[in-house]
Amino acid sequence: MSRPDRDVIVIGAGMGGIYAVHRLTRQGLSVLGIESAPEVGGVWYHNAYPGARVDLESHYYCYLFDDDLYREWRWSERYAAQPELLRYLKHVADRFDVRRHFRFRTSVVGARWNEDARRWVVETDAGDVVTGRFLVCTTGQLSKAREPRFPGLGTFRGRWVLTSHWPQDGVDLRGKKVGVIGTGSSGVQASTAIAAEAERLVVFQRTPNYSVPAHNRPADPVLHAELSRDLAAVRRKVAAAPAGNLTPGYVGRAADFSPKRRRELLDERWAFGGQPMLTLFSDQGTDLEANRIVGDYVRDKVREVVKDPVVAERLVPNAYPIGTRRLCVDTGYYEIFNQDNVTLADIRSDPIRRITPGGIETRDTSYDLDVIVFAIGFEAFTGALDGADIRNAAGELVSDRWRRGPQTYLGLMTAGFPNLFLITGPGSPSVLANMNVHNVQHLDFVGDLIDHARERGADRIEPTRQAQDEWTAHAAEVARPLIRRQVDNYMVHVNKDDGSRIFIPYGGGFHQYVRRCHAVAEAGFRGFDLR
Ligand code: NAP
């Protein structure tokens, strides 16, 4: 039988794709990367909206696999902004010479598993067909934008844009009347930056989200030097950390502390800033009372910052417990509502009716706008896979098999789709973990698994049904106590027929996940059927 064109085809040149190509070529595999954008960067290429910035500290949200790379790159800020992150990813691509393995400006429009030839047959929009033994999807969990479907959008005379596909040549917002729809991480960051630039900003909020200050500042050279001294130890520690980074963790259960001490601890976390607000009390993710204590603290902060009490109450996040959706991390978000040029439109009580040639019409009000910014989220987890039309030998999409929720082994492979690797997919910690660390962990596992199979003369890898069922049951078990499983958002799959809820990422913590992956590898990659 002829050999496939490549050992591995990698889809996507974001953080995961860059490392995939580097890791897999380094172990001697022939690799072709395919990327629709003209450049590396993935989400950090496309999300070029004003204010876009990482919400984990840059000292940890970067590649840790290469000591010299880590030591030589100096972040300018504690939380790097999108342009710097993109410069970093280009630098990594150059340093490890991965670009030559990529076809840019090329989209995968179809991929089929050919069982007889044991290979993936991949079609691109350039009309090419290439074959690969393995298909590695580093397509991201939050990369396929949700389409804005608002009546009348086609009639709008101004310009409309998506935060997730911000025009690379920018959008001039100076002196413009701008509306931002959506108040998740993207909307919060974009609105904060746009408020400083636009003549008028209207923020259209359906659900008030929790946002905590980042306390961004210049990067700390002492911390960088400290971490650089022993990167092997840093790698060990992040692998043993619940979210794959070394920010402050749990201090104990909320009830272990007096109200006065709790307040001090909350003040300290608030002063630290960012996501660690979710890892203060060990029971705040599982106990509603512990959760309420942290939620109330943030709600009071909103009331302290926003001067108009009516606007403040609309912004107060009380629709769901804190941390059950992604926490927003901001740089002066609530403060913008004290500016004369900013209006909050509460579209829960006064819903959007339609978009008109001149702006947005709600049930009670009409907003005159030059630019509409959609920050309405993503077709999370399966959007990019479906977009590439990846089908097994029976012609099924992964999402056809996952109608009642994702089924995977280790969040990495799914039965019925041999040789397909879903990097940081459903059933892995995924969006709950530091993505750089997680990508590297997954791709190292994949590289080792391919080597292991080849040493045994195997070129077909598929998880067994039993391993998949056991993993899916285990993931459901660890998610059972989590309050966040009860709250609707992109991390929860709800079955319409019986209302059953499946928490999509692995909720047991990155540390537990890594431990289990090690155990699987040490047991000869138990649960994978090699042929
Ligand atoms: P998101 O969290 O899904 O938020 C989407 C927002 O749009 C929500 O406020 C949602 O309201 C609103 N929305 C959706 N459809 C709407 C409609 N038809 N009408 C009115 N409002 C609508 O999306 P995101 O902000 O892009 O963030 C997604 C994830 O990307 C984040 O959770 C985070 O993991 C990642 N992200 C990270 C960063 C960072 O690192 N700093 C930045 C951006 C994004 P409802 O809540 O009512 O549905």
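## Two domains

The centres of domain 1 and domain 2 lie 32 Å apart, taken over C-alpha atoms. Domain 1 covers 6–144 + 379–470 + 508–530, and domain 2 covers 178–221 + 253–374. These bounds come from an automatic or database domain assignment. This is a predicted model: local features need pLDDT of at least 70, side-chain atom pairs count only at pLDDT 80 or more, and totals for chains, interfaces and linings use all residues. Residues are numbered from 1 along each chain as its sequence is written, and side-chain values use heavy atoms, with hydrogens and water left out.

## Where the domains meet

Domain 1 and domain 2 bury about 1,400 Å² between them, with 44% of it on carbon and sulfur atoms. Buried area is the accessible area (1.4 Å probe) that two parts lose on being put together, summed over both. In domain 1, Asp-55, Arg-78 and Tyr-79 lose the most area to domain 2. Together they make up 42% of what that side buries.

There is 1 salt bridge between the domains. A salt bridge is a side-chain nitrogen of Lys or Arg within 4 Å of a carboxyl oxygen of Asp or Glu. Arg-326 forms a salt bridge with Asp-55, and their closest N and O atoms are 2.8 Å apart.

## Helix H5

Helix H5 spans residues 185–194. Helices (H or I, at least four residues) are DSSP runs, numbered from the N terminus. In H5, 8 of the 10 residues are buried, meaning under 20% relative accessible area (1.4 Å probe, protein chains only). Among them are Val-188, Ala-190 and Ile-194.

Terms used
Buried < 20%, exposed > 50% of the residue type's maximum accessible area, 1.4 Å probe, protein only. Helix = DSSP H or I, 4+ residues; strand = E, 2+ residues; numbered from the N terminus.
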